[in-house]
Amino acid sequence: MAEDVRPATGWAVLHLFCKPGPAGVDVEAAVAAVKAAEADDLQVVPVALLGHKADLAVMALSPELWRLRTLQTALQSAGLVVADSYVSLTEVSEYAAGMPEEMKQQRLYPRLPPAGKPAFCFYPMSRRREVQQNWYTAPYEEREAMMREHGTSGRAFAGRILQVITGSSGLDDYEWGVTLFGVHPDDLKAVVYQLRYDRASAIYADFGPFYAGIVTPVEALVGRS
């Protein structure tokens, strides 16, 4: 048996962005892979993607890394080709020290997907390190104030958007993965547009590729891929 590998706090998170392989997808095997993962204490969010980057996404959260790797292997064996991926961990930001314990637990152990929010978006991001725009050389108090501003902007979308921010420093190419669930697709557009006016984003943020789609039951998703 492989050695158990898990975060000391929170969950491991894997985003897989997939396309059907040359031989097509074994629908029964793909559905069985997701069902087996869910039976093994994973949360799995299947998403029908729009655009050329990939056809479907699978977001999975697990207390243990090998369980995520087992799901990835099973989906690939079912005929899905991973076109892109992202690896991260749930976390509580250093700027959230005064946050109520209940809210910290929700960030470390979210329950997904949220009901009534089928619109989906994922993008990675990092903080800029340019000579005159280096987030990590700014005083902590200044960074904290910018993050408070950022949080205030985000709370304007309460009820319309659920935001899941996961940390990936040392695990992937960017520093955070941002997953958004919305009531409507224009909610996703509106929140990202609004947050880019905050100083934390306007001055210090670098963004990676965006993936957008619709949270979809796995049976319907792989049958259409």
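Biologist: How far apart are the mean positions of the positive and negative charges of the protein?

Modeller: They are 5 Å apart, for 21 positive and 27 negative charges. Lys and Arg count as positive, Asp and Glu as negative; His and the chain ends are not counted. Each charge is placed at NZ of Lys, CZ of Arg, CG of Asp or CD of Glu. A word on the source: this is a predicted model, where local features need pLDDT of at least 70, side-chain atom pairs count only at pLDDT 80 or more, and totals for chains, interfaces and linings use all residues. Residues are numbered from 1 along each chain as its sequence is written, and side-chain values use heavy atoms, with hydrogens and water left out.

Biologist: How many helices and strands does the protein have?

Modeller: Seven helices and eleven strands. Both are DSSP runs, numbered from the N terminus: helices are H or I with at least four residues, strands are E with at least two.

Biologist: What makes arginine 6 and aspartate 4 a salt bridge?

Modeller: Their side chains meet at 2.7 Å, N to O. A salt bridge needs a side-chain nitrogen of Lys or Arg within 4 Å of a carboxyl oxygen of Asp or Glu, so this pair qualifies. The whole structure holds eight salt bridges.

Biologist: Is arginine 128 buried or exposed?

Modeller: Buried, at a relative accessible area of 16%. Buried means under 20%, exposed over 50%, partly exposed in between (1.4 Å probe, protein chains only). Aspartate 206 has 30%, so aspartate 206 is partly exposed.

Biologist: What do aspartate 206 and arginine 128 tie together?

Modeller: Their side chains meet in a salt bridge at 2.8 Å, N to O. Aspartate 206 lies in strand S10 and arginine 128 in the loop between strands S5 and S6, so the pair ties together parts that are 78 residues apart in sequence.

Biologist: Why is glutamate 175 called buried?

Modeller: Its relative accessible area is 7%, which is under the 20% limit, so glutamate 175 counts as buried. The side chain of glutamate 175 also meets that of arginine 129 in a salt bridge, at 2.5 Å, N to O.
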